[in-house]
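Subject: Structure for you, with notes

Hi,

Here is the structure we talked about. My notes on what turned up follow below it.

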Amino acid sequence: MTSPEAFTELPSVAPQLRALRRRASLTLEAAAGAAGLSPAHLSRLETGQRQPSLPMLLALARIYGTTVSELLGERAADRDAVLRSADMEPTVAGGWTYFQAGAAGRGMQALRVQVPHGSQGDIVRVHPGEEWLYVLKGRLRLRLGDATHRLGPGDSAHFDSLTPHRIAAQDPDGVELLFVHTLLQSPTATLCLGPTPGETP
């Protein structure tokens, strides 16, 4: 049984769910079917009797043509559409260097990423959403499920990020990417599973 405290992590989405479904001109049955829910379950979400999981929020946001933030009732302040290169401050995490390439608080995140050789090559990621990447410089080794792909400058990949995936630089000089992914505003949005037993990066 789920404890009441588990529901305090998300604000009530009931007021937004029904309004956004109607704005999308969808019946309860049509929206529930598209989200893989029963109409009764979606009705309980819309009346506040149940709280949705994060993957459910992502599915409903896609169906209604909106963002998770809007489903949660958040209204971001006005943001500039243009981000200048001089304003892109680097952030280093896990050996990778990230440059924000889009506005914060959007339904997707755009980054320019520098991946050194040998960094995070053993980390397998699984999380809700989609990812798109484009190789700017260097060569990339991309593991998707059981398949390994090698990408060079100008190559791109677009995949469901529930597919276990792993990114590593092929060459000693590293690789530079443009990277776009849908973003859930939650610490549980990224799940790192660690090395795959018996494999080398």
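The side chains of E176 and K137 meet in a salt bridge, 3.5 Å from N to O. By salt bridge I mean a side-chain nitrogen of Lys or Arg within 4 Å of a carboxyl oxygen of Asp or Glu. E176 lies in strand 10 (residues 175-182) and K137 in strand 5, so the pair ties together parts that are 39 residues apart in sequence. Buried means under 20% relative accessible area, exposed over 50%, and partly exposed in between (1.4 Å probe, protein chains only).

A word on the source. This is a predicted model, in which local features need pLDDT of at least 70 and side-chain atom pairs count only at pLDDT 80 or more, while totals for chains, interfaces and linings use all residues. Residues are numbered from 1 along each chain as its sequence is written, and side-chain values use heavy atoms, with hydrogens and water left out.

Overall make-up

The protein has five helices and 11 strands. These are DSSP runs, numbered from the N terminus: helices are H or I with at least four residues, strands are E with at least two. Of the 201 residues, 38% count as buried. The protein exposes about 11,300 Å², and carbon and sulfur atoms supply 54% of that. Accessible areas come from the Shrake-Rupley method with a 1.4 Å probe; for residues, only the protein chains shown count as cover. Take the contacts between residues at least 6 apart in sequence: 65% of them join residues at least 24 apart. Contact means heavy atoms within 4.5 Å.

Other salt bridges

The count comes to six salt bridges. E46 pairs with R21, with the closest N and O atoms 2.6 Å apart. E46 sits in helix 3 and R21 in helix 1, 25 residues apart. Both E46 and R21 are buried. R62 forms a salt bridge with E130, where the closest N and O atoms are 3.8 Å apart. R62 lies in helix 4 and E130 in strand 5 (residues 130-137), so this pair ties together parts 68 residues apart in sequence. R62 is partly exposed at 43% relative accessibility. E130 is partly exposed too, at 33%.

The cores

The largest nonpolar core has 20 residues, and those with the most contacts inside it are L42, L60, Y64 and L71. Such a core is a set of buried Ala, Val, Leu, Ile, Met, Phe, Trp, Tyr and Cys residues joined through side-chain atoms within 4.5 Å. Helix 4 gives the most, with seven residues. A second, separate core has 18 residues, including V115, L140, A169 and L177.

Leaving aside neighbours within four places in sequence, L42 is in contact with R21, L28, A31, A32, L37, L60 and Y64. L71 lies in helix 5 and is buried, with a relative accessible area of 0%. Not counting residues up to four places away, the residues L71 touches include V13, L17, L57, A61 and T66. L71 and A14 are 57 residues apart in sequence and 8.8 Å apart in space, C-alpha to C-alpha.

Helix 1

Which residues of helix 1 are buried? They are A14, Q16, L17, L20 and R21. Seen down the axis of helix 1, its buried residues fall within an arc of 160°, so they line one face. The arc is that of the directions from the helix axis to the C-beta atoms. The face turned away from the buried side carries the exposed residues P15 and R22. What covers the buried residues of helix 1 includes helix 2, helix 3, helix 4 and helix 5. Just after helix 1, S25 takes a positive phi of about 60°.

A surface patch

W132, Y134, L136 and L178 make a nonpolar surface patch of about 290 Å². Patch residues have over 30% relative accessible area and no salt bridge; nonpolar side chains (Val, Leu, Ile, Met, Phe, Trp, Tyr) are joined within 5 Å, like charges within 9 Å. Strand 5 gives the most to the nonpolar patch, with three residues.

Best wishes
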